[in-house]
Amino acid sequence: MLLYLERWSCRLADHIIVVNESYRRVIIERNGVPSERITVIRQGPDLNNICLTEPDPDLRARAKTIIAYLGSLAKGRGGEYLLSALHHLEKSLYHKDWLCVMVGGKMHRKT
């Protein structure tokens, strides 16, 4: 039923916006939408506003592998995938020499 609704939504839409190239391919292949009716937008930082700096030697000295996570750990925002991946890295792949640095907005908690 969901695939049927997706197909009709795509066929009735004047234009479709997707977040990456893989979703674009899915829409084209699964629903027969012409590529000119699909726009790919990126959800990432504006590269014009990024300032390159030298690595922090104190941080670099703490572990062989530094993992950076940019985003929120709030429920439903993908943080659970990070935690699952880190668990897999340490418990299944036995990689112990890592440090994860999380950069993102504050997690707001309802009281």
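With which residue does Glu6 form a salt bridge? In this predicted model, where local features need pLDDT of at least 70, side-chain atom pairs count only at pLDDT 80 or more, and totals for chains, interfaces and linings use all residues, Glu6 pairs with Arg30, the closest N and O atoms being 2.8 Å apart. Residues are numbered from 1 along each chain as its sequence is written, and side-chain values use heavy atoms, with hydrogens and water left out.

A salt bridge is taken as a side-chain nitrogen of Lys or Arg within 4 Å of a carboxyl oxygen of Asp or Glu, and by this rule the count comes to 3. Glu6 is partly exposed at 23% relative accessible area, as is Arg30 at 42% (buried means under 20%, exposed over 50%, partly exposed in between, with a 1.4 Å probe and protein chains only). A further salt bridge joins Arg24 and Glu21 at 2.6 Å, N to O, and both residues lie in helix H2, 3 residues apart, about one turn of the helix.

Asn31, which lies in helix H2 (residues 21-31), is buried, with a relative accessible area of 4%. Contacts of Asn31, defined by heavy atoms within 4.5 Å, include Glu6, Arg7, Cys10 and Arg11, residues up to four places away in sequence not being counted. By contrast, Leu12, in helix H1 (residues 2-12), is exposed, with a relative accessible area of 64%.

Key
Helix = DSSP H or I, 4+ residues; strand = E, 2+ residues; numbered from the N terminus.
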